[in-house]
Amino acid sequence: VYAGNVAQVGGDPQSGDIVLVQDWHGNPIGWGMYNATSMFAVRLLSHAPEPDFRWPPDLRKLLHSKFSQAAALRQSIGLPSAETTAYRLVHSEGDRLSGLVVDIFGDLLVVQSSASWVEVHREVIEATLGDLYPEKTIVWQQSATRLRQDGWNDEDAEASADDATDDDTVPSDAEDEPSLGAEDELSPSAGNMWVQATGLETQVKELGLAYVIDAMGGQKTGFYCDQRDNRQMIRSLSPGREVLDLYSFSGGFGLNAAFAGAKHVTSVDSSIPALQQYLANAQANGFDAQLFLTSPSTADLSAPAGPFMALYKTDVVKFLRAAIDAGRTYDVVVCDPPKLCPQVAQLSRATRKYHQINTNAMRVVKPGGLLLSCTCSAAVASGEDTFLDILRNAASTAGRRITVLSVSAAAMDHPVYSEYPEGRYLRAVLMTVV
């Protein structure tokens, strides 16, 4: 509920308090978490028409129900499985828990908090997850930028970090929480460990491939489960082909190409930690891979030799310009840059950047070859034609013609609530380039 849509606030609720939202006639719309400083005045957790709607509410019971429903949804699409042990359990608005993300990585359960209410009610969230997953280690992460935008200041974040290992600490707002009676003690479940760590690794599987994940030292929660279906698509298109993986991170696309029997895989990223993790993943799966800390020479680009998988630590734009100068082309190119448009106000600048990257990426695709181009910026992906327009303009600049074969989104464990289309943050376009 946006702050501008609130006509009146009764009583004196504090940020993180549970409030009832009513219409003009006093009929309940739902209940949720109040925030006095955010553009989101209330993050609704339960709507009046839903079977689990109760007032006054029981937060722990509601979370137990929401987490169980989320788990049942994942089980219905085959997650987890013997082939895949890394997946998203809770996807914020997609699972009606705005500001809360939970990923499961084997024996780790990684929580990412991006809303004040999640921090305020951290202990009940941890306790409920602990009840459902007593065998897993819970890792708590804070999305600092989003928390600040939501009114959770740095001092609060520091206090949260200091209290991370104190199981007896209850946030001040939660002490008066009406849903917590004497029977609702927030003690850790047996077998659980709460971690506010600087580094925590585990090994998982996705589509049968092994990955080492650093739940605290990596990006986001440690692994991008959202590209699973697109990685499987690249696997099906790679046998016998030369593949270029741009912005490779820890190797999700490149490893699937290698597994499928690609002729050669070249991967490019500017992050040494990401490439080191990629190298470890390649070795864990038995692939011949080598990490190069300098840009490839013209000779290397013109006639690739050496390892089956070549990992280059260099700027992607710089690499592409060198490849263009060398006349180097590839059968399959994957372009999956990080978020270039965090806010709508930056759309114009991001559009120019996407145009530049994709123009150069198209120039290194063999005639008739394939390009998978992705955007994870909601401001770009949520518009029906925004990203396609960027790609069409890039093709014109590159002097190439493209034919779109498919437009896909995040994997099925990243559901999008129909009332929140802004949740469509990922768009992946597969095209032929001639």
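Helices here are DSSP runs of H or I with at least four residues, strands are runs of E with at least two, and both are numbered from the N terminus. What you're looking at is a predicted model, where local features need pLDDT of at least 70, side-chain atom pairs count only at pLDDT 80 or more, and totals for chains, interfaces and linings use all residues. Residues are numbered from 1 along each chain as its sequence is written, and side-chain values use heavy atoms, leaving out hydrogens and water.

A cavity is a set of points, on a 1 Å grid over the protein atoms alone, where a 1.4 Å probe fits but cannot get out. The structure has two cavities of 30 Å³ or more, and the largest cavity comes to about 50 Å³, a volume being the space filled by probe spheres set on the grid points.

Who lines the largest cavity? Its lining is made up of Ser15, Gly16, Met33, Tyr34, Asn35, Arg43, Ser116, Trp117 and Asp150, where a lining residue has an atom within 4 Å of a point. Strand β2 (28-34) and helix α2 (116-120) each bring at least two residues to that lining.

Now for the cysteines. With a disulfide taken as a pair of cysteine sulfur atoms within 2.5 Å, a search of the whole structure turns up zero. For Cys335, the nearest cysteine sulfur belongs to Cys374, 7.5 Å away. Cys335 is buried (under 20% relative accessible area, with a 1.4 Å probe and protein chains only), at a value of 0%. Cys376 isn't in a disulfide either: its nearest cysteine sulfur, again that of Cys374, is 8.7 Å off. Cys376 is buried too, at 18% relative accessible area.

Terms used: Buried means under 20% relative accessible area, exposed over 50%, partly exposed in between (1.4 Å probe, protein chains only). On a 1 Å grid over the protein atoms alone, a cavity is a set of points where a 1.4 Å probe fits but cannot get out, and a pocket is an open set with protein on both sides within 12 Å along at least five of seven lines; lining residues have an atom within 4 Å of a point.
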